[in-house]
Structure formats: C-alpha cells, structure tokens
Amino acid sequence: MSDIQVDARRLLCPMPVIRVQDAMEHLRPGDTVTAFCTDPGALNDIPAWCHINGHEVVERREQDDEYIVVVRVGASG
Amino acid sequence: MATQRKAVALISGGLDSLLAARVVKDQGVHVEGINFYTGFCVEGHTHAIRKKDKNKQKRNNALWSAERLGIKLHIIDIVEEYKDVVYNPRHGYGANLNPCLDCKIFMVSKAREWAARRDFDFIITGEVIGQRPMSQRKDTMPVVSRESGADDRLLRPLCARNLPETLPEREGWVDRKRLFGFSGRTRKPQMALARELGFEDYAQPAGGCCFLTDKEYSVKLQDLWSSRGEKRYELDDIMLLKVGRHLRPRPNFKIIIAREEGEGKFLQGYRKQYISLKTVSHGGPLALIDGEVDAADIELAARLVARYSQGRDAEQVELEVSGHSADPSSLTVKPMPAREVDPEWHL
Ligand code: SF4
C-alpha cells in the first residue's frame, strides 16, 4: 500500500480536486493520497468527488491554516 | 441482453447540463460526467476568497450536479490548452471576451477524445437552440458537431427533437420520442422538467459559466493584454483579476488592492512573486504591484495604497515594502488626496 502526498496549497477549487484525481489515477485500491490545501473549499469538494467516484475519505482536518484530506482508492476506482 | 451503451455528459454545474444527463441516464444509458476547468470558471473561487461570503456553501456546482445524478465526474484541467481558444477564437468573441462558440467546440472535441479512449459511445450536452445568442443557435449547432469531430455522436437531449437524428437515436440507444424540443430563451420548460424530475431545490448559480462573459472582468483582461502588448496570460494573472481593486496609474504597472480581509489573505499567497505594500502605521489593505517599477513608481503606489488605509487623512503613513524575496523596507508617504486619483486609473 502506498501513500502519495499532494501539495495543493494556494490552489483554488477545483484544482485541488483535479490534483487528487490525477494522483489517484495510477494507484491501486487501498492506496492512499494525502492532500495539503489552503482553500477551505477543498474540505467539501474532495470528499464530494470521492463520494461520487467510489473512493473513501479517511480523514479531514485543519492544521495551521491548512486543510488536510486523506483519501483511500476504492475498489472501482 | 443488449450491451449497455455509455455516454459522457458535459457537466457545467448549470441546470441544463444536469437535466440533459438525467434524461439520458433515465433511458438506461451508463452516463459519466466530464467538467472542464479553464481557469475562468466562476466556481467557488470568489466564495473561497471573500470573507463576507464565508457562510455561503462553498460547493462546486459540477460536483453537486454529479452527486444529484449519481454519476462519476471527471474534472479536467485544460488551463494551458484553453489559452489558444481565448487568444484566437476563430468564430470571434461574444459581448465581452467570451469565445463561446470556439469554447463549446473545444470542450466537445476534448470530450470526444476522452470518450474514444474509454470506449464511450456518444456525448451529451445541455445545449438548447436559441438559449444563448452566440453559441446556442440553430445554425451553430451543426458547427459544434462538425468542428469538434463529434458529428452525429453528439446528442442534445433538451432540443434533439428540433435537430436531425443522431447516431444514438438512429441506433435505438435512446428513444427520440422521450427527448425534448426546447427552444428559445425561456427557462420555463427547463424549470418544469426540473420539478418533474425532483430537482426543484435547484438554485440557478448567479452569472454565466465563466468570468469571460463578465464585462468588468473582460475590461481587466483586455488591460492586461494591452499593457503587455500581446494577448498573453498565466493562471496567476487570471486568478488575480478576480480579486481586489485594480488601478493602473502608469502604463508600466498596476496595483491590486485587497477590498477586505479574505482578499488580503488570498493576495498574501502572492507576496513572493510580486512587490507588495502594507501599511504599518495604520490599519490598511495588502496591495500587490504588477509590472516593472522604479522607486518613483513605488512611491506613487504607496501613496495610493495609503489612501485606501485608515490613515487616509493623516499627514504621513508608513508602509512596508517587500518584494521578490528581498528584505522588506520601510517607506513613509503622504496619502494621495482624492483629487489626484485619476478616475481612468480604475480598471
Ligand atoms: S460562457 Fe465561458 S465557459 Fe461558457 S461557453 Fe462561453 S466561454 Fe465557454
């Protein structure tokens, strides 16, 4: 299982979603992606995108003005 | 059982594309959504930036549409390739710098490529004849089909009955009788269909699909091009055009002044790339200078920024000037009085 880190700082939505999506494209089910964002919209958009595309949100948290979302590639991904 | 056909629907986040996708999905076709990010999209940005909008839901409308439809959504970054559409639209601009017809052709052709790679059978858009003066007319519909290369694999479920039969209809993948014949600028048929399909809570987002249809935005983009002597922009440029007060006191530079805290915070992220000004003796906004400047220009900019600070009536205002990773320096100026601010400077 690998974990990929995505730096989406300073990017505005939907760019963080696009970065996560592109990072996930070549991963296998069960792999995770951790996205670091500064646009608070990412806290809604990344989970919404995961939800409709069959991926799982493992964690979302706020830390030092940054928003961190961890997602796991779903089986159908 | 016949194989289930697959269609990719262009999802803008607006009502029409939502309805079009739903109508086809309801006919048993496997539908997935595609959404293109040009950099000019109205989506969320302004909400994310402006603090006063903090309480508004910062949802992405295309994602929301896909959620309501229960379909996958693929968001594609076309920022780089799209520049050419904006610089040289073969079919010209609309009322502002919106190259709508070329934009449509480009997006449909991108969707066609995407569909071909994934073995999808056809493409769906929410276009309605006569809905938009430039890109959605009876005579432009075939232009989009042809120039995008999608030809008769492009289905517009909301106005299909007013158009020649397409491949999905001929092949019986969709039933033409259960498609629609909407036309004209009225929104009534769409609203009625939305109610019928249970989308009554649908709220029409303000403005069009993108900032290029916005007059003020187009003026600022045109100014950017004029100042550079050519049509050219980077993603940062077009982001900054959405934020703050823009003034061009001299041909060689402009000043971007935050109008409120949220914008200030956003501009903060650009301090390494631009010279920035911030009042220190008084409360005031953060400002960026875009262009090549000398000491006199910086002083002029500082006086202007001081004018937008709480020290506007003070004799002197002290500012911190920092730029291009150089150490910040201090500058004390007299705020510019209103009469010296040429209204022409405001973009
Ligand atoms: S409004 Fe903008 S996104 Fe929509 S068709 Fe016109 S140029 Fe394209």
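1. By class, the shell around the ligand holds six nonpolar residues, one polar residue and no charged ones. Here Ala, Val, Leu, Ile, Met, Phe, Trp, Tyr, Cys and Pro count as nonpolar, Asp, Glu, Lys and Arg as charged, and the others, Gly among them, as polar. The shell is made up of Tyr82(B), Pro99(B), Cys100(B), Cys103(B), Cys209(B), Cys210(B) and Thr213(B), where a residue belongs if one of its heavy atoms lies within 4 Å of the ligand.

2. A word on the basis, before going on. This is a predicted model, in which local features need pLDDT of at least 70 and side-chain atom pairs count only at pLDDT 80 or more, while totals for chains, interfaces and linings use all residues. Residues are numbered from 1 along each chain as its sequence is written, chains are lettered from A and ligands numbered from 1 in the order in which they are written, and side-chain values use heavy atoms, with hydrogens and water left out.

3. Now to the interface. Chain A brings 21 residues to the contact and chain B brings 26, contact meaning heavy atoms within 4.5 Å. About 1,900 Å² is buried between chain A and chain B, with carbon and sulfur atoms giving 60%; this is the accessible area (1.4 Å probe) that the two parts lose on being put together, summed over both. On the chain A side, Arg10(A), Leu12(A) and Ile52(A) lose the most area to chain B, together 30% of what that side buries.

4. Have a look at Arg10(A) in particular. Arg10(A) forms a salt bridge with Asp236(B), with the closest N and O atoms 4.0 Å apart. The rule (a side-chain nitrogen of Lys or Arg within 4 Å of a carboxyl oxygen of Asp or Glu) finds two salt bridges across the interface of chain A and chain B. Helices H1 (15-24) and H2 (42-53) of chain A each supply at least two residues of the side that touches chain B, and H2(A) gives the largest share, seven residues. Helices (H or I, at least four residues) and strands (E, at least two) are DSSP runs, numbered from the N terminus.

5. Within chain B, Leu247(B) sits in strand E6 (residues 245-250). Leu247(B) is buried, at 0% relative accessible area; buried means under 20%, exposed over 50% and partly exposed in between (1.4 Å probe, protein chains only). Beyond four places in sequence, Leu247(B) touches residues including Ile255(B), Leu304(B) and Trp345(B).

6. Lastly, Asp121(B) lies in the loop between helix H5 (100-117) and strand E4 (122-124) of chain B. Asp121(B) counts as buried, at 14% relative accessibility. Leaving aside neighbours within four places in sequence, Asp121(B) is in contact with Arg5(B), Lys6(B), Arg153(B) and Trp173(B).
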